[in-house]
Amino acid sequence: MDLERLKQIMKGKKILLVGLKGSGKGNRAQDLKALGLLHIGLGMIMREQVRKDPDSELSKQIIETTEQGTLLSDEVVIPVVLNRLSQRDCLESGFILDGFPRTRAQAELVLDKIDLDLVLYLDVPKAFLIDGVVRYNRQACIKCAACFSDFDMPKVEGVCDKCGGKLERRKSDTLELIQKRIQSDEEQINSFRSLFEDKGIWSALPITVEGDAVIDDTLLKKLKGEVYWAETDDGGKARLLNYDGMRERVYEFLEKKFA
Ligand SMILES: [Zn+2]
């Protein structure tokens, strides 16, 4: 794969990254960032808004909602997101936005105001999402949000391979909370999925490897050295791609789609 060529192809592309909790949005965002796209996270731009303009009504609402731990309303989220995405750096380099939209109203507005190129849905078996977090010790980098676990162990225990940040188990990573979160994520995604499908910009990218397809062993997810088989949502079994495998799949997909 010619990475320089792919960077040229991807320049200026506007992409939303969608997936259930634990589907690897953070990792895929890093892959896309490596192609020159700006990574815009919802939390990040909300903090930016508060820092730049702390006394505005919008910022006060963000601070209040954060303190209460509730979900930000569309009235707060939409103007902040649209404002950020219409700034020059985003228009020139292109961007990858994750954590947005959360509601159908947000999806409708972003479709109306922004000429999106792609909504990329990371399709990962639910059984793995739960196992990967709860049974196999998922930890996240406090600086760049990259995730590690018994499947993808960091080279040095407790330290992020990518930025050297500290790895911590998230307090929200319990079985009950993960199940709840998956269910509510699914409801959210189903509420707006058809809008993007109808526009022809929705693409689902599976992490699974079909049947007994021959594939380089180094690209498969392993658990303590053995190829891992996950239960799929339809009750079957499948091998999964690992970090490198998914990056390759994403890059190949983008090349095919936009070249
Ligand atoms: Zn990191």
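**Reading the core of a predicted chain**

Modeller: Buried residues, those with 20 or more other C-beta atoms (placed from the backbone) within 10 Å of their own, make up 29% of the 259 residues in the protein chain. This is a predicted model, in which local features need pLDDT of at least 70 and side-chain atom pairs count only at pLDDT 80 or more, while totals for chains, interfaces and linings use all residues. Residues are numbered from 1 along each chain as its sequence is written.

Colleague: How many helices and strands does the protein chain have?

Modeller: Helices (H or I, at least four residues) and strands (E, at least two) are DSSP runs, numbered from the N terminus. Here there are 10 helices and 13 strands.

Colleague: Which residues have the most contacts inside the largest nonpolar core?

Modeller: A nonpolar core is a set of buried Ala, Val, Leu, Ile, Met, Phe, Trp, Tyr and Cys residues joined through C-beta atoms within 7 Å. The largest has 44 residues, and Ile15, Leu16, Leu17, Leu37, Ile96, Leu97 and Leu120 have the most contacts inside it. Helix 5 (residues 74-85) supplies its largest share, six residues. Apart from this core lies another, of eight residues, including Cys141 and Phe148.

Colleague: Which residues of helix 8 are buried, and what do they pack against?

Modeller: Contact requires C-beta atoms, placed from the backbone, within 7 Å. In helix 8 (residues 126-135), Phe128, Leu129, Asp131, Gly132 and Val133 are buried. The buried residues of helix 8 pack against helix 9 (175-199), strand 12 (229-231) and strand 13 (237-240). Just after helix 8, Asn137 takes a positive phi of about 55°.

Methods
A residue is buried if 20 or more other C-beta atoms lie within 10 Å of its own, exposed if 12 or fewer, and partly exposed in between; C-beta atoms are placed from the backbone. Two residues are in contact if their C-beta atoms, placed from the backbone, lie within 7 Å.
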